[in-house]
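I opened my notebook to look through this structure piece by piece.

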Amino acid sequence: MELDGRVAVVTGGTRGVGAGIARAFLRAGARVIVCARRPPDEPVSDGGREAAFVPLDLREPAKVVAFFADVGERYGRLDVLVNNAGGTPYRLLGEGDTERHARVVELNLIAPLTVSLAAYELLRASRGAIVMIGSVSGTRPSPGTAAYGAAKAGLENLARSMAVEWAPEVRVNSLVLGMVRTELSHLHYGDEEGVAAVGATVPLGRLAEPADVGEAAVFLASDRAAYVSGASLLVHGGGERPAFLDAATVNKES
């Protein structure tokens, strides 16, 4: 169990991608703390081991600082921070005011910065690792989720800067996710037929599962990635087939 005895915090770890990451860390032997504004419907667990839950709004800096102080007192160390909490509703730029879009940036960029700064001293003491959960929305146009895409682009750059400033004590990397099947997939892709149709556009033929993301996060947090810092690992099933290939009237596959 490659993370045996290590302590990991997963923000937004009560459902979806975050819960998948937390379960992967439990399988790898880590002691896991998940935080979110609301408790999970049922404890996040795997193989008879259970993640501890702490209620926390990441947009309240004083409470974030107090949370990590408590982690230090209770566990004596922190080895891994996974900045997973985030998300956005579908909203075209012209359909929301600046304040609404700013809240999306706050959750997806400012909150991970707040959390990382609060966790820094614990991570430095353990020579630990930070894993940022990014998105392909930050690498391409993101109509309907423009503020989210802008925040995720900033998060990836933030991770690279952190990796330089905080080396060699703390490694910082990003997972850049494509589409993931979660409890909320229907909000983005529709019913099961819609999910299957969207999955068919991915070269690997399906959406990612939260467990796929979790295994990649364990790798970046583990000693197997001891010389990996400032990197962005694409977890997107091969990406997207360029639309122009289907629109062109030449070079069609028979």
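In which sense, right-handed or left-handed, does H3 cross H4? I noted first that the model is predicted. Then I looked at the pair: H3 passes H4 in a right-handed crossing.

**Entry 1: the helix pair**

I looked up the geometry next. Two packed helices are described by the angle between their axes and the distance between the axes. Helix H3 covers residues 98-126, and its axis lies 8 Å from that of H4. The angle between H3 and H4 is about 15 degrees. Angles under 35 degrees count as roughly parallel, so H3 is roughly parallel to H4.

I then listed who touches whom. On the H3 side I found eight names: His101, Val104, Val105, Asn108, Leu109, Pro112, Leu113 and Ser116. H4 answers with residues including Ala147, Tyr148, Leu155 and Met162. I sorted the contact of H3 with H4 by class: 11 residues are nonpolar, 4 polar and 1 charged.

**Entry 2: the sheet**

I turned to the strands. Strands of a sheet pair through backbone hydrogen bonds, either parallel or antiparallel. Here 7 strands form an open sheet, and the pairing is parallel. I wrote down the order as E5-E2-E1-E6-E7-E8-E9. Which strands stand at the edges? They are E5 (52-55) and E9 (232-235). Each has a single partner strand, so one side of each is left without a neighbour in the sheet. Neighbouring strands are turned by 20 degrees against each other on average, direction ignored.

I picked one pair to check. E1 (residues 7-11) and E6 (residues 80-83) pair in the parallel sense over 3 bridges. Within this pair, Ala8 stands opposite Val80 in E6.

H4 came up again here. Helix H4 (residues 146-165) packs on the sheet and touches E7, E8 and E9. The direction of H4 makes about 155 degrees with that of E7.

**Entry 3: salt bridges**

How many salt bridges are there? The count comes to 15. I followed one of them, between Glu2 and Arg224, where the closest N and O atoms are 2.9 Å apart. Glu2 lies in the segment before E1, and Arg224 lies in the loop between H7 (210-221) and E9. The pair therefore ties together parts that are 222 residues apart in sequence.

**Entry 4: backbone details**

I ended with two loops. In the loop between H4 and E8 I found Pro168. A cis peptide bond joins Ala167 to Pro168, with omega about 0 degrees. In the loop between H3 and E7 I found Arg127. Phi of Arg127 is near 55 degrees, a positive value in a residue other than glycine.

Conventions
Residues are numbered from 1 along each chain as its sequence is written. This is a predicted model: local features need pLDDT of at least 70, side-chain atom pairs count only at pLDDT 80 or more; totals for chains, interfaces and linings use all residues. Side-chain values use heavy atoms; hydrogens and water are left out. Two strands pair if DSSP finds at least two bridges between them. Helices (H or I, at least four residues) and strands (E, at least two) are DSSP runs, numbered from the N terminus. Axes are lines fitted to C-alpha atoms, for helices over the stretch in contact, and angles run from 0 to 180 degrees between N-to-C directions. Contact means heavy atoms within 4.5 Å. Angles under 35 degrees count as roughly parallel, over 145 as roughly antiparallel, 65 to 115 as roughly perpendicular and the rest as oblique. A crossing is left-handed if the near helix is turned anticlockwise from the far one by less than a right angle, and right-handed if clockwise. Ala, Val, Leu, Ile, Met, Phe, Trp, Tyr, Cys and Pro count as nonpolar, Asp, Glu, Lys and Arg as charged, and the others, Gly among them, as polar. A salt bridge is a side-chain nitrogen of Lys or Arg within 4 Å of a carboxyl oxygen of Asp or Glu.
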